[in-house]
Amino acid sequence: MSLRMIRRAAAPLGAVAIVALVLAVPARPHAQAPPAPQGRQGGRGGRGGPPPPPGRAGAPVDMTGTWVSVVTEDWRFRMITAPKGDFSGVPLNPAGVAAANMWDPSTDGSCKAYGVGGIMRMPGRVRISWQDDLTLKIETDAGEQTRLLHFLAPGAKPAQGAPSPQGYSVAEWQRPGGQIDAFLERGASAVQQNRGSLKVVTTGMTPGWLRRNGVPYGANATVTEYFTRFTHPEAGDWFVVTTIVDDPEYLTQPFITSSNFKKEANDSKWSPMPCKG
């Protein structure tokens, strides 16, 4: 859907509907953080200046708080567990199809569905806070998972340990870009310019599921995410996370999704529920 079509469809409904339609458009792999045009690029961090410092000191936006998922796509895969063998939309290779067809419905609720490859697709809430100046923490009430996003100081190397469901995540701030950024800039009079982008690359995970019905990803997968945060005076505070799963073991091409989250006033609705095993 083009931005012209989005504007035309939402025109009778106002600014909130426009934002909602933008949120519903799946992002492309490069849509959240493409290179800036020549003459405006100032390093990885943005236009007209050097890259921002890592971690809390360089944060262009405040990602902290409690956020609830707003399910605008793949409802039947995210809100309920799909039947065995239903893996439509996932580019599985023959090995991936075979693995997905081995799923046992009695294992529904397994922690394999709550690893880094699938956790941001789960309906529920995430609570984001700074563990320290170089570590952003994401807690989920769905499955009771904790993710640590590590910002590396200049010259530092990742201190990756043993494989785990959430793997080892390296984070860096980026200037926003792409379709959402361009749309907001053209509508600057209606939309507050409170937004920014965070790139996160995760490796070193244990095998898991992209969906709760056993659609697999392997231990050698790489998960790249772009978190784009913005504020609208009527729709409130949002972030969109575009997730790209590259897996040479089970996928024929990257599996790309976009998931939307809206900020809540507090964590009074926070309701942790552990996964199974």
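**View 1. Contacts across the chain.** Among contacts (heavy atoms within 4.5 Å) between residues at least 6 apart in sequence, 65% join residues at least 24 apart. The model is predicted: local features need pLDDT of at least 70, side-chain atom pairs count only at pLDDT 80 or more, and totals for chains, interfaces and linings use all residues. Residues are numbered from 1 along each chain as its sequence is written, and side-chain values use heavy atoms, leaving out hydrogens and water.

**View 2. The largest nonpolar core.** Such a core is a set of buried Ala, Val, Leu, Ile, Met, Phe, Trp, Tyr and Cys residues joined through side-chain atoms within 4.5 Å, where buried means under 20% relative accessible area with a 1.4 Å probe, protein chains only. Here the core has 28 residues, and Leu198, Phe227 and Phe239 touch the most other members. The strand β2 (a DSSP run of E, at least two residues) gives the most, with three residues.

**View 3. Around Phe239.** Leaving aside neighbours within four places in sequence, Phe239 meets several residues in contact, including Met63, Trp67, Ile128 and Phe261.

**View 4. The largest cavity.** A cavity is a set of points on a 1 Å grid over the protein atoms alone where a 1.4 Å probe fits but cannot get out, and lining residues have an atom within 4 Å of a point. About 120 Å³ of space lies in the largest one, the volume being the space filled by probe spheres set on the points. Its lining includes Asp74, Arg78, Met122 and Phe255.

Definitions and conventions
1 Å grid on protein atoms, 1.4 Å probe; cavity = no way out; pocket = protein on both sides within 12 Å on 5 of 7 lines; lining within 4 Å. Buried < 20%, exposed > 50% of the residue type's maximum accessible area, 1.4 Å probe, protein only. Helix = DSSP H or I, 4+ residues; strand = E, 2+ residues; numbered from the N terminus.
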